[in-house]
Amino acid sequence: MLTVDGRQWKEGQSSAGIADKARALYGERYAEFLDRVQAYAYYPYAVMAKIDNFSDGEISVRFKGLSGRIDQGAGILFNLKPNGDYLTVRANCLENNIVLWKFENGKRSSVKWVRNTPTATRQWHDLKIRVNGTKVEGYLDGKLYLEHTLAQPVSGRIGLWSKADSHMYFADYTVGAGGN
């Protein structure tokens, strides 16, 4: 098991008040507002050492959101390039959504949002991506929620991703056919 513990994130302490206000003002779309605020730009990730080039197949992980006022995000990192650009499909226990994020030239942007994905805090969930060339699918607890076609095929390193003050458990990381 791997633990991401963002509870000690110093910037997150003052930023939590902004998150609460945004939640009150914007409702379920508050996360989109917060994503434009640079105070939340803390994205810890771990890279799997044994796979240099994942291009096709499945990656899955179990996760459990323990705490986090700003975020409780668990993601699968993929398409990581030597320059630091990457993609991630992440689920969030506070927002009940799944998002495909693109990180390019140090800037994060959303590629596709899917709302109303039940992701209770303090419960184990299964997150899986399936990649076939340019097609990416995202599954939560066995249900297909996200489908997207990228401009270019996936090719790069893989791992796990989280955000801000998330305190998450990750377990049972697996990579299926086509991972090398």
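This is a predicted model: local features need pLDDT of at least 70, side-chain atom pairs count only at pLDDT 80 or more; totals for chains, interfaces and linings use all residues.
**Strands, sheets and a pocket**

Let me begin with strand 6, which is mostly covered, since six of its eight residues are buried, a word that stands for under 20% relative accessible area, with exposed meaning over 50% and partly exposed the range in between, for a 1.4 Å probe and protein chains only. Strands here are DSSP runs of E with at least two residues, numbered from the N terminus.

Residues are numbered from 1 along each chain as its sequence is written, and side-chain values use heavy atoms, with hydrogens and water left out.

Now to the neighbours of strand 6, where pairing requires that DSSP find at least two bridges between the strands. Strand 5 and strand 6 run antiparallel and are joined by seven bridges, and if you look at Asn92, you will find that its bridge partner in strand 6 is Asn97. The hairpin of these strands has four residues between them, and there Asn96 takes a positive phi near 50°. Strand 6 also pairs with strand 7, residues 107–115, in the antiparallel sense and over eight bridges, with Leu100 having Lys112 as its bridge partner in strand 7. In the hairpin of strand 6 and strand 7, two residues lie between the strands, and Asn105 takes a positive phi near 55°.

Is Arg108 buried or exposed? Its relative accessible area is 16%, so it is buried. The side chain of Arg108 makes a polar contact with the side chain of Tyr43 at 3.1 Å, a polar contact being a pair of N or O atoms within 3.5 Å, one able to donate a hydrogen and the other to accept it, with sequence-adjacent residues counting only if both atoms are side-chain atoms.

We can now turn to an open sheet of six strands with the order 1-12-3-8-9-10 and antiparallel pairing. Strand 1 (2–5) and strand 10 stand at its edges with a single partner strand each, so one side of each is left without a neighbour in the sheet. From one strand to the next, the twist in this sheet averages 20°.

Walking through its pairs, we meet strand 1 and strand 12, residues 167–175, which pair in the antiparallel sense over four bridges, with Thr3 standing opposite Tyr169. Strand 12 pairs in the antiparallel sense with strand 3, residues 56–67, over seven bridges, and here Ile59 stands opposite Val175. Strand 8, residues 124–132, runs antiparallel to strand 9, residues 135–140, and six bridges join them, with Leu127 having Leu140 as its bridge partner in strand 9.

In the loop between strand 9 and strand 10 we find Asp141, which has a relative accessible area of 39% and is therefore partly exposed. Although Asp141 and Asp126 are 15 residues apart along the chain, their C-alpha atoms are separated by 4.7 Å.

I will finish with strand 6 again, which gives three residues, the largest share, to the lining of the largest pocket. By class, that lining has eight nonpolar, four polar and four charged residues, where Asp, Glu, Lys and Arg count as charged, Ala, Val, Leu, Ile, Met, Phe, Trp, Tyr, Cys and Pro as nonpolar, and the others, Gly among them, as polar.

Technical notes:
Axes are lines fitted to C-alpha atoms, for helices over the stretch in contact, and angles run from 0 to 180 degrees between N-to-C directions.
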